[in-house]
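Work through the exercises below with the model open beside you. Try each task before reading its solution.

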2 protein chains.
Amino acid sequence: MTAAVPPLPDFAAVLSAAARIAPHAQRTPVLRSRSLDDFAGCELHFKCENLQRVGAFKFRGACNAIFSLDDTAAARGIVTQSSGNHGAAVALASRLRGVPATVVVPEGAPAVKLKAIAGYGATIVRCAPTMAARVAAADALVARTGGHPVHPFDDSDVIAGQGTVALELLRSEPDLDALLAPVGGGGLLSGCALTARTLRPDLEIWGAEPAGAADAHASLQENRCITDMTAHTICDGLRGHLAPRTLALLQRHIDGILVIDDDAVVEAMRLLWERLKLVVEPSGAIAFAAVLRHRDRFAGRRIGIVISGGNVDLDTLPWQAQA
Amino acid sequence: MTAAVPPLPDFAAVLSAAARIAPHAQRTPVLRSRSLDDFAGCELHFKCENLQRVGAFKFRGACNAIFSLDDTAAARGIVTQSSGNHGAAVALASRLRGVPATVVVPEGAPAVKLKAIAGYGATIVRCAPTMAARVAAADALVARTGGHPVHPFDDSDVIAGQGTVALELLRSEPDLDALLAPVGGGGLLSGCALTARTLRPDLEIWGAEPAGAADAHASLQENRCITDMTAHTICDGLRGHLAPRTLALLQRHIDGILVIDDDAVVEAMRLLWERLKLVVEPSGAIAFAAVLRHRDRFAGRRIGIVISGGNVDLDTLPWQAQA
């Protein structure tokens with residue numbers, strides 16, 4: 001059953017987003033490491049969205065969506081549901097816009113991410129840890145308060161905002177051969193894919209998805225949004241399911257999704273900490289893990305990798321938990 | 001007893017060093033964090049030498065010294081003694097120059113740093129964990145092999161190389177009010193001080209030194225190199241003592257040394273990991289700790305902070321060991 005696809009953002013929307021968020025968002029650096037190049041056997045260009053405000057690319061989309069609203073709509077406040085980085089992004093962007101935000105958070109969300117949401121001044125509403133409960137709680141809040149819902153990825157303004165990651169990366173590194181980004185709900189990957197496909201029609205574009213939450217891979221194979229999988233992965237930011245918008249954009253623009261197990265993610269994450277000296281969360285390391293697990297495909301080529309976030313509980317690191 | 005001061009490097013030597021190391025060294029980014037600015041109450045500009053090759057500023061000085069040698073001298077090989085980052089820096093710079101390196105390492109040096117030295121292809125010679133044993137072992141190697149000694153800081157070429165940190169920082173941020181850098185043997189601080197004083201005579205220049213190894217602070221008070229203190233600090237990179245060259249430059253150029261206890265270092269280190277998303281070693285966090293401990297002095301001002309290195313054993317983090 002293919003649902004009707006809502007209007008999709010285009011490249012012009014990404015350019016508008018770039019201008020809209022410029023006063024607020026970081027233009028994140030693209031870092032390189034000769035020792036990681038040697039290790040991976042290719043030329044790696046890391047777009048460091050862990051250095052973005054709130055520590056993740058999510059700020060771009062939330063900022064674009066919230067600053068796109070007219071004053072009357074914005075004044076009624078913002079509502080969202082998120083297990084982490086998107087919630088913090090909505091909280092900060094709302095504060096910058098000067099409007100209230102309410103974030104529905106499922107039980108079990110990482111404490112460090114909850115702390116950030118509260119720290120940026122949003123009201124937190126807890127719910128059961130299922131996507132259905134999250135959506136129901138957010139819908140109820142919207143109905144009750146008249147607040148504007150900003151979905152983590154099924155929102156054209158959010159997708160266009162995330163696309164600015166690829167816009168900046170390809171403007172600074174125009175000669176890449178391939179681009180890899182993580183995929184959960186698909187906002188980052190679809191925004192980057194539509195941007196990269198416009199700027200560089202010949203560029204390879206890959207998603208990287210945890211084996212324990214490989215619904216996007218399955219959704220692309222079956223040409224429908226699979227939303228009934230239960231996620232089991234250390235990548236807490238990649239547990240979402242595709243929505244009609246993101247599925248449509250991925251179908252159109254990407255070369256494929258590489259499915260990566262958690263052990264490879266932890267290994268890649270540790271390498272990024274050791275060699276690149278960056279604090280990267282598991283979800284943020286998966287695109288690099290995909291390059292390491294598919295060495296032959298990327299050997300000798302110029303690869304852009306999106307490090308999507310760096311919000312980690314520093315008291316319990318995954319390589320220590322495994323010991 | 002004041003020893004005769006050997007010839008000191010000048011600003012021209014720093015400019016020469018910058019040109020000499022440019023093909024090999026990273027031009028490291030200057031990162032900012034609005035949340036850390038709010039937290040510290042001033043405007044922070046972090047010069048990220050943890051993103052330098054080998055993960056520390058030490059590569060600059062070693063590279064300058066080793067590439068300054070003529071071919072005949074270089075071919076006899078390089079000898080040094082180091083508990084860590086300088087050893088790795090000499091190992092890598094020697095490999096790039098295509099000459100052998102031998103590094104004397106005291107027992108008890110961090111495993112992660114030893115691994116790096118070996119990884120870059122240097123020969124490791126172990127010795128007892130005293131400065132006397134290190135110097136004696138290095139001297140014996142120089143006598144036996146005819147190798148060229150590259151002291152970690154008591155070397156004009158090394159000091160000039162470290163000065164390129166301040167050169168890059170002040171070229172990118174010309175309006176700083178103050179500059180802070182860690183001080184162990186004083187190579188980084190003295191090179192940065194002579195550079196900064198030339199470019200910006202009115203700039204405040206401060207060192208930051210661990211309370212458990214505050215020999216530089218005492219040496220400046222007594223106008224002599226105090227070399228008989230035993231260090232007790234988590235800052236393994238800051239256990240060295242000043243040498244005549246570095247003492248002379250610090251006497252001439254800096255405003256003072258701020259002495260910081262280890263608890264403050266660990267707190268600052270964790271903040272840098274959490275908010276700046278950077279892996280920073282304890283020694284690399286001490287200048288930021290000094291800003292936090294001397295809030296009133298730096299309030300509302302534009303502060304340059306050198307993050308000197310990021311080589312940490314990721315299995316045992318100091319805030320976990322304390323728990």
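This is a predicted model: local features need pLDDT of at least 70, side-chain atom pairs count only at pLDDT 80 or more; totals for chains, interfaces and linings use all residues.

**Exercise 1. Describe the contact between chain B and chain A by residue count and buried area.**

Solution. 
1. Count the residues. Chain B gives 27 residues and chain A gives 27 residues.
2. Take the area. About 2200 Å² is buried between chain B and chain A. Carbon and sulfur atoms give 48% of it.
3. Find the main contributors in chain B. Arg34(B), Lys277(B) and Leu314(B) lose the most area to chain A. Together they make up 33% of what that side buries.

**Exercise 2. Find the polar links across this interface, and sort the side of chain B that touches chain A by element and class.**

Solution. 
1. Start with salt bridges. There are two across the interface of chain B and chain A.
2. Check a pair. Asp315(B) forms a salt bridge with Arg270(A). Their closest N and O atoms are 2.9 Å apart, and the cut-off is 4 Å, so the pair counts.
3. Look for elements. Helix H12 (262-276) and helix H15 (318-321) of chain B each give two or more residues to the side that touches chain A. H12(B) supplies the largest share, four residues.
4. Sort by class. The side of chain B that touches chain A has twelve nonpolar, eight polar and seven charged residues.

**Exercise 3. Work out which symmetry relates chain B to chain A.**

Solution. 
1. Superpose the chains. A rotation of 180° with 0.0 Å of shift along its axis places chain B on chain A, with an RMSD of 0.0 Å.
2. Name the relation. This is therefore a two-fold axis.
3. Locate the axis. Leu278(B) comes closest to it among the residues of chain B, its C-alpha lying at 2.3 Å.
4. Compare the surfaces. The same surface serves both copies, as 100% of the contact residues of chain B recur in chain A.

**Exercise 4. Describe how the two domains of chain A meet.**

Solution. 
1. Domain 1 covers 11-56 + 155-321, and domain 2 covers 59-149.
2. Count contacts. In chain A, 28 residues of domain 1 touch 20 residues of domain 2.
3. Take the area. The two domains of chain A bury about 1900 Å² between them, 57% of it on carbon and sulfur atoms.
4. List the salt bridges. Lys113(A) forms a salt bridge with Asp236(A), with closest N and O atoms 2.6 Å apart.

Definitions and conventions. Residues are numbered from 1 along each chain as its sequence is written. Chains are lettered from A and ligands numbered from 1 in the order in which they are written. Side-chain values use heavy atoms; hydrogens and water are left out. Contact means heavy atoms within 4.5 Å. Buried area is the accessible area (1.4 Å probe) that two parts lose on being put together, summed over both. A salt bridge is a side-chain nitrogen of Lys or Arg within 4 Å of a carboxyl oxygen of Asp or Glu. A polar contact is a pair of N or O atoms within 3.5 Å; within protein, one must be able to donate a hydrogen and the other to accept it, and residues adjacent in sequence count only if both atoms are side-chain atoms. Ala, Val, Leu, Ile, Met, Phe, Trp, Tyr, Cys and Pro count as nonpolar, Asp, Glu, Lys and Arg as charged, and the others, Gly among them, as polar. Copies are superposed by least squares on the C-alpha atoms of residues with pLDDT of at least 70 in both. Domain bounds come from an automatic or database domain assignment.
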